[in-house]
Amino acid sequence: MIWTIIVASVVVLAIYHFTSKRYAYFEERGIPYLKAFPFLGSLWKVVLMRASFAATVQQMYNLYSEAKYVGCFDFLTPVILLRDPELIKSVMIKNFDHFPEHRNLSDNADDTLFSKNLFSLNGERWKEVRSMLSPAFTTSKMRSMFVLMKECAKRYGENLASLQADQTILELKDTFTRYTNDVIATCAFGVSVDSMTYRENKFYLYGREASTFGLKQSLKFFFIRSFPRLCRMLKITLLRKGVSDFFKDLIESTIKTRDEQGIVRPDMLQLMMEFRDKGDPSKELTLDDMIAQAFVFFLAGFESTATLMCFTTHEVGVNEEVQKRLQDEIDQVLTDCNGNVTYEAINGMKYLDAIVNEGLRKYPVSVAGDRVCRKPFELPPTLPNKKPYVVKEGEIVSIPFYGIQHDPKYYPEPEKFDPDRFYDDPKQILNSGTFLTFGLGPRMCIGNRFAILETKTLLFYVFANCTLKRCSKTIVPMKLSKQGLAMTPEGGGYWFEIQPRAKGQSLIANGDNDRK
């Protein structure tokens, strides 16, 4: 017994000594930093669910308001958190060759869903795949996919407006994730899904499982990212086999059916199929490549876009003046288009555009981004009395999207939902280096235009058909949950009373009658 106690004490002391030495990293280099909890690092409150991920990022960002960057620890890994917008632009754009990669979630070659997708790819292969996928998001492709989005959004708007009297108090997240599920299914996978009618369809159920980051998934995420070799040895993966097999089988069977029946659709999968069997490995996509790209596109679009829709709709719903102004703009567009809404009409709506941008500003779904250094890079002194710091190969810098977009220096009254920030000259803010929701530079989110169009289209048809009213379950003011990594509201949902709007519905109906 005594020897057990002695050995345990020695192990504890060794771990304490090792972590203490690691956590002295920034102090030795004269860089201000957020103190770390043994082993769990600076994110210990997130891991133990004492604070939301967004609140922790903001705490680190606000730690030293005059510093260009501060230090923090991701478990045992030192990370430089950049605070200065000009320095962030330097890292993400001007000196991209020094910081060309994201920190991989998984480097397990057998886990192809994560190791082969565009987010995880690096070097020349990343450039090759990005150039192959970029045509999927051109204006002409967006116009074609808008037709598919519009069909889904119109159906969902009408469904909300026709709820039974005892069903009008509704939580919107379920409805909006079903919408994003149907849109991604048709635009990326070429599969027609009606998740409102067929509520237990596998595409939706597995999508929910894959994208839900509660406690278990969040701990897995941290563990896989921080200890990849150990996870490979233990065969720990983020998704269970049944989920990954479903998406692999779905894409493989869809491709086979299209080949056999000569089916051609204006979607992402069709574009990828055109890059098969080129004879040049640098210009072709294998089946595993296509599965990985389609899956990550689904994962990003399913949960992230639905979350953007929910937070933005919540802000519109609790601000009567904003809602009325948006509905007036929608009614004017419906009148001008005679009910037949076009791609150009949606993109020409200044107030709708401002609302979505403000939603992206206030609620960036990814609260922080990262880059891995591949060539040593000298940062200027973080404070006037400090020395420059050279970021070494393999070290990580983090970009606090949430912190910058909630800094009153750049956005006065940052907690206020104010679409007018973006109304007159949105490009002034969007190009300022302080609007970071989709990232900056060559690694900027490739699907940003798709996500924005998908969101605008749904908001258009929801507020054309309905008015949202506060109810006893509506969360005001909005507070972020401490459960897991995902940005979700405290209290579990986005609740409103849904009231039908006769005017918007009649204008849409006129357009439908004209087409008949």
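Which helix holds L234? L234 sits in helix α12, which covers residues 228–234; helices here are DSSP runs of H or I with at least four residues, strands are DSSP runs of E with at least two, and both are numbered from the N terminus. This is a predicted model, in which local features need pLDDT of at least 70 and side-chain atom pairs count only at pLDDT 80 or more, while totals for chains, interfaces and linings use all residues. Residues are numbered from 1 along each chain as its sequence is written, and side-chain values use heavy atoms, with hydrogens and water left out.

**Surface positions**

- L234 counts as exposed because its relative accessibility is 51%, given that exposed means over 50% relative accessible area, buried means under 20% and partly exposed lies in between (1.4 Å probe, protein chains only).
- Together with L230 and M233, L234 forms a nonpolar surface patch with about 320 Å² of accessible area.
- Such patches are made of residues with over 30% relative accessible area and no salt bridge, where like charges are joined within 9 Å and nonpolar side chains (Val, Leu, Ile, Met, Phe, Trp, Tyr) within 5 Å; the areas come from the Shrake-Rupley method with a 1.4 Å probe, and for residues only the protein chains shown count as cover.
- K241, found in helix α13 (residues 241–261), is exposed as well, with 61% relative accessibility, and its C-alpha atom is separated by 39 Å from that of S162, which is 79 residues apart along the chain.

- An unreviewed UniProt entry carries the annotation "binding site" for C445; UniProt positions are given in the numbering used here, feature names are shortened, and annotations may be inferred rather than shown by experiment.
- C445 is placed in the loop between α20 (426–430) and α21 (448–465), and with 33% relative accessibility C445 counts as partly exposed.
- H102 lies in the loop between α5 (85–94) and α6 (112–115) and counts as buried, since its relative accessibility is 10%.
- Leaving aside neighbours within four places in sequence, H102 is in contact (heavy atoms within 4.5 Å) with F119, N122, D370, R371, V372 and R443.
- The side chain of H102 makes a polar contact with the side chain of R371 at 3.3 Å, and a polar atom of the H102 side chain also lies 3.3 Å from the backbone oxygen of D370.
- A polar contact is a pair of N or O atoms within 3.5 Å; within protein, one must be able to donate a hydrogen and the other to accept it, and residues adjacent in sequence count only if both atoms are side-chain atoms.

**Salt bridges**

- The count of salt bridges comes to 23, where a salt bridge is a side-chain nitrogen of Lys or Arg within 4 Å of a carboxyl oxygen of Asp or Glu.
- One of them joins R103 to D74, with the closest N and O atoms 2.7 Å apart; because R103 lies in the loop between α5 and α6 and D74 in strand β1 (residues 69–74), the pair ties together parts that are 29 residues apart in sequence.
- Both partners are buried, R103 with a relative accessible area of 12% and D74 with 5% relative accessibility.
- Another salt bridge brings the side chains of E303 and K173 to 2.8 Å, N to O, and this pair links distant parts of the chain, with E303 in helix α15 (residues 287–318) and K173 in helix α9 (residues 172–187), 130 residues apart.
- E303 is buried at a relative accessible area of 12%, and K173 is buried at 10%.
- K116, R125, E128 and D289 are linked in a network of salt bridges.

**Backbone features in loops**

- The peptide bond from V476 to P477 is cis, with omega near -5°, and P477 is placed in the loop between β8 (466–469) and β9 (495–500).
- F39 is not a glycine, yet has a positive phi of about 70°; F39 lies in the loop between α2 (25–28) and α3 (44–47).
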